[in-house]
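Dear colleague,

Please find below the structure that I am handing over to you.

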Amino acid sequence: MAATASPGASGVNGKPRTSPKSVKFLFGGLAGMGATVFVQPLDLVKNRMQLSGEGAKTREYKTSFHALSSILRAEGLRGIYTGLSAGLLRQATYTTTRLGIYTVLFERLTGADGTPPGFLLKALIGMTAGATGAFVGTPAEVALIRMTADGRLPADQRRGYKNVFNALIRIAREEGVPTLWRGCIPTMARAVVVNAAQLASYSQSKQFLLDSGYFSDNILCHFCASMISGLVTTAASMPVDIVKTRIQNMRMIDGKPEYKNGLDVLVKVVRYEGFFSLWKGFTPYYARLGPHTVLTFIFLEQMNKAYKRLFLSG
């Protein structure tokens, strides 16, 4: 996923010339934001399903299609894009940081002869990039979870945020600035799992497909590698994701939070909702993560290629 120059365009130490760090960060954020425009409805369905039937065996939604049709019926077409502004800000902060850091570290650890880092090193780079990005993006994540969850609440309990900036200002004013980082630890834990799986498995899958001789470095290869990466990431990260979602959406009851910590969420979900509820919303999660991964990497690869062609060749 790192940008590389065309043959003959070499920089210091014989390594290929690459785009500046600022451009890497910018392209990472733009790629994530572009993908979010397409998959925001799936993110909404995933969040609603993870919150449905909270504390009980019964479920508010039977399937992903039931959830989507219920939202459309109750909130209209605009309702499925609730929280889009928060989703875009999340990508502008989280994805810009994680992909920028990943690309920079990936290039720094690539050998002078162009040999990429090994799988374990890729995973370590991904975890470092993900945890850092998650910390930066947590306020937007809190706003996103709350905005997408609002429509399932009774009218008198809805928070009614107008947009992400209104949400951030009201959360800081009404609940204190530290609340913007509520769930930061499970968010970072989720990011470590997601990025170790997603970024490393994407790079590894792409490398495997190219080495097979049946693929060239084009959109089809990026698509196949991204779908493999999305499946691995979904299976690995869902239990951590439901912890993050529940904590960031929780309210105070008699002055006490609904959950003490992430472990408390896991114990209560398994006890009251069943073990496999840790993967509640698997279909919309993958339906969202798969295309988002595909679109993010396709946009990123195309922007890197365009930059290389326009500014680094010759």
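This is a predicted model: local features need pLDDT of at least 70, side-chain atom pairs count only at pLDDT 80 or more; totals for chains, interfaces and linings use all residues.

Residues are numbered from 1 along each chain as its sequence is written, and side-chain values use heavy atoms, with hydrogens and water left out.

Repeats. An unreviewed UniProt entry places the feature "repeat: Solcar" at residues 23-108, 117-208 and 217-306; positions are in the numbering used here, feature names are shortened, and such annotations may be inferred rather than shown by experiment. The span 217-306 is 76% helix and 4% strand, and its end C-alpha atoms lie 14 Å apart. Helices (H or I, at least four residues) and strands (E, at least two) are DSSP runs, numbered from the N terminus.

Helix pair. Helix H4 (residues 119-149) and helix H5 (residues 164-175) pack at an angle of about 100°, with their axes 9 Å apart. Axes are lines fitted to C-alpha atoms, for helices over the stretch in contact, and angles run from 0 to 180 degrees between N-to-C directions. H4 and H5 are therefore roughly perpendicular to each other (65 to 115 degrees). On the H4 side, Pro139, Ala140, Val142, Ala143, Arg146 and Met147 meet Val164, Ala167, Leu168, Ile171 and Glu175 of H5, contact meaning heavy atoms within 4.5 Å. This contact has nine nonpolar, no polar and two charged residues; Ala, Val, Leu, Ile, Met, Phe, Trp, Tyr, Cys and Pro count as nonpolar, Asp, Glu, Lys and Arg as charged, and the others, Gly among them, as polar.

Cavities. The structure holds four cavities of 30 Å³ or more. On a 1 Å grid over the protein atoms alone, a cavity is a set of points where a 1.4 Å probe fits but cannot get out, and a pocket is an open set with protein on both sides within 12 Å along at least five of seven lines; lining residues have an atom within 4 Å of a point. Helix H3 (84-108) gives the most to its lining, with five residues, and the lining comprises three nonpolar, four polar and four charged residues.

The second largest cavity has a volume of about 70 Å³. Its lining divides into three nonpolar, one polar and eight charged residues, including Asp43, Lys46, Arg90, Glu141 and Asp241.

Pocket. The second largest pocket holds about 190 Å³ of space. Of its 15 lining residues, Pro186, Ile247, Lys260, Asn261 and Gly262 lie nearest its centre.

Yours sincerely

How values were computed:
Grid points are joined across faces, edges and corners, and a volume is the space filled by probe spheres set on the points. Angles under 35 degrees count as roughly parallel, over 145 as roughly antiparallel, 65 to 115 as roughly perpendicular and the rest as oblique.
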